[in-house]
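This report describes selected packing and pairing features of a predicted model. Please keep the sequence and the structure at hand while reading.

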Amino acid sequence: MTTSTPSPGPLVLGVDAGGTRTRALVAAPDGTRLGEAFSGGANPNSHGMDTAAHRLTEAVAAALDRADPEAREHLTAAVVGLAGVSALADPSVRTRMHTALEHAGAGTGAVFTGDDEIAFASGTPDPDGAVLIAGTGAIAARIRARTRTDVADGLGWLVGDSGSGFWIGHRAARASARQLSEGREIGPLTRAVLAHALPDGDDLPPRERARALARALTAAPPIGLAALAPLVGRACEEGDPLARDIAARAGVHLASSVRQVHEPGDSIPVVLAGGVLTRSSPVRAALVHELGSGAAVATAGCTAGAAAWTAAVRAGADATDRRLHAAFTLQGGDQG
């Protein structure tokens, strides 16, 4: 006599489709993670419609396969937090991305929302508040009824994104080159920048080393300066005054963006997301200091889990159940 494997109960799907990576998560209504998978970035603005759609299909299909052979039949709700969601204003892009989910087996009822809305939901179950995302770029958004209503900055590295990873890295490069060109004794930040960008220039005189550093950084794509941002946090820990000044000024800029979407004295939560704020304690500390002790600051959790939680709420789960929210958004082994 053979026994069949019990079919799964209702399932929800959450996707964090970012600019560099897509993470899809299939979960039970209680937040238990049953299957997850990753693919490349699926922002249709930066990768193009077809590449974004392919990567979305890839991640979602793999997550459903890993959850259960019958997962597709039991999926009750799906939410995709999409970087570049504005591209869906174009009917052809919107149709292509929905078709990508259908090809993966996610059905036709999936909801697309902004990645900032999902980042906010990863930090709090509250419907209203603000979110500040500071990674390579930086943007602040006001959230009302779990929907973005206003934004500040997010203008890109060339004219905006103040306090972002690019902004911090750019300042680190400039400060290091200036310290070298002025013939001053170099500190921890400059040493780290040189080790990263000009590892073979030890024998050069300081001013020539500054020029060589400038040439090396100029030859690479400008956005690559964001890779220098983590060096600032480490140099701060070593007491480097240049690094501490950059971190402090980044905090001022980021706080300014928050204030454009968050009234002083508001008790609503401000969710902090992105590598600059979750991995660089000096910048986060500077930001929190600028916001003041009255700010209700929260840290983003698993964003794919937040998308799945949002799907569960759409399917009828209690949005005020903080334990349920925590079950979905608790960070796992991989950063969400």
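## A serine in helix α5

Ser 176 has its place in helix α5, which covers residues 165–181. With a relative accessibility of 0%, Ser 176 counts as buried, because the cut-off for that class is under 20%. When residues up to four places away in sequence are not counted, Ser 176 touches Leu 189, Thr 190, Val 193 and Leu 213.

## The hairpin of β2 and β3

Strand β2 (residues 21–27) pairs with strand β3 (residues 33–40) in the antiparallel sense, and the pairing runs over 7 bridges. Within this pairing, Leu 25 has Glu 36 of β3 as its bridge partner. The two strands, β2 and β3, form a hairpin with 5 residues between them, and Gly 31 in the turn has a positive phi of about 95 degrees.

## The five-stranded sheet

An open sheet is formed by 5 strands in the order β8-β7-β6-β9-β10, and its pairing is mixed. The edges are taken by β8 (147–153) and β10 (296–299), each of which has a single partner strand, so one side of each is left without a neighbour in the sheet. From one strand to the next, the twist averages 25 degrees.

Strand β6 (residues 129–134) pairs with strand β9 (residues 269–273) in the parallel sense over 4 bridges, and here Leu 132 stands opposite Leu 272 in β9. Helix α4 (residues 115–123) packs on the sheet, where α4 touches β6, β7 (138–144), β8, β9 and β10, and the direction of α4 makes about 110 degrees with that of β6. Helix α9 also packs on the sheet, touching β6, β7, β8 and β9, and the direction of α9 makes about 140 degrees with that of β8.

Thr 299 lies in strand β10 and is partly exposed, with a relative accessible area of 38%. The C-alpha atoms of Thr 299 and Leu 132 are separated by 9.9 Å, although these residues are 167 residues apart along the chain. Leaving aside the neighbours within four places in sequence, Thr 299 is in contact with Ser 122, Gly 123, Val 271, Leu 272, Thr 278 and Arg 284.

## Two helix pairs

Which angle do α9 and α11 make where they pack? Helix α9 (residues 241–261) and helix α11 (residues 281–291) pack at about 50 degrees, and their axes are 8 Å apart. That angle makes α9 oblique to α11, and the crossing of the two helices is right-handed. On the α9 side, the residues that meet α11 are Ala 247, Ala 248, Ala 250, Gly 251, Val 252, Leu 254, Ala 255, Val 258 and Arg 259, while α11 contributes Pro 282, Val 283, Ala 286, Leu 287, Glu 290 and Leu 291. Sorted by class, this contact of α9 with α11 has 12 nonpolar, 1 polar and 2 charged residues.

Helix α4, which also packs on the sheet, forms a pair with helix α12 (residues 303–314), in which the axes come within 8 Å and cross at roughly 90 degrees. The helices α4 and α12 are therefore roughly perpendicular to each other. Ile 118, Ala 119, Ala 121 and Ser 122 of α4 make the contact with Thr 303, Ala 306, Ala 307, Trp 309 and Thr 310 of α12. The residues of this contact of α4 with α12 divide into 6 nonpolar, 3 polar and no charged.

Most residues other than glycine have a negative phi. Ala 145 is found in the loop between β7 and β8, whereas Asp 153 is found in strand β8. As for accessibility, Ala 145 is exposed, but Asp 153 is buried.

| Residue | Relative accessibility | Class |
|---|---|---|
| Ser 176 | 0% | buried |
| Thr 299 | 38% | partly exposed |
| Ala 145 | 56% | exposed |
| Asp 153 | 19% | buried |

Conventions: Residues are numbered from 1 along each chain as its sequence is written. This is a predicted model: local features need pLDDT of at least 70, side-chain atom pairs count only at pLDDT 80 or more; totals for chains, interfaces and linings use all residues. Side-chain values use heavy atoms; hydrogens and water are left out. Axes are lines fitted to C-alpha atoms, for helices over the stretch in contact, and angles run from 0 to 180 degrees between N-to-C directions. Angles under 35 degrees count as roughly parallel, over 145 as roughly antiparallel, 65 to 115 as roughly perpendicular and the rest as oblique. A crossing is left-handed if the near helix is turned anticlockwise from the far one by less than a right angle, and right-handed if clockwise. Contact means heavy atoms within 4.5 Å. Ala, Val, Leu, Ile, Met, Phe, Trp, Tyr, Cys and Pro count as nonpolar, Asp, Glu, Lys and Arg as charged, and the others, Gly among them, as polar. Two strands pair if DSSP finds at least two bridges between them. Buried means under 20% relative accessible area, exposed over 50%, partly exposed in between (1.4 Å probe, protein chains only).
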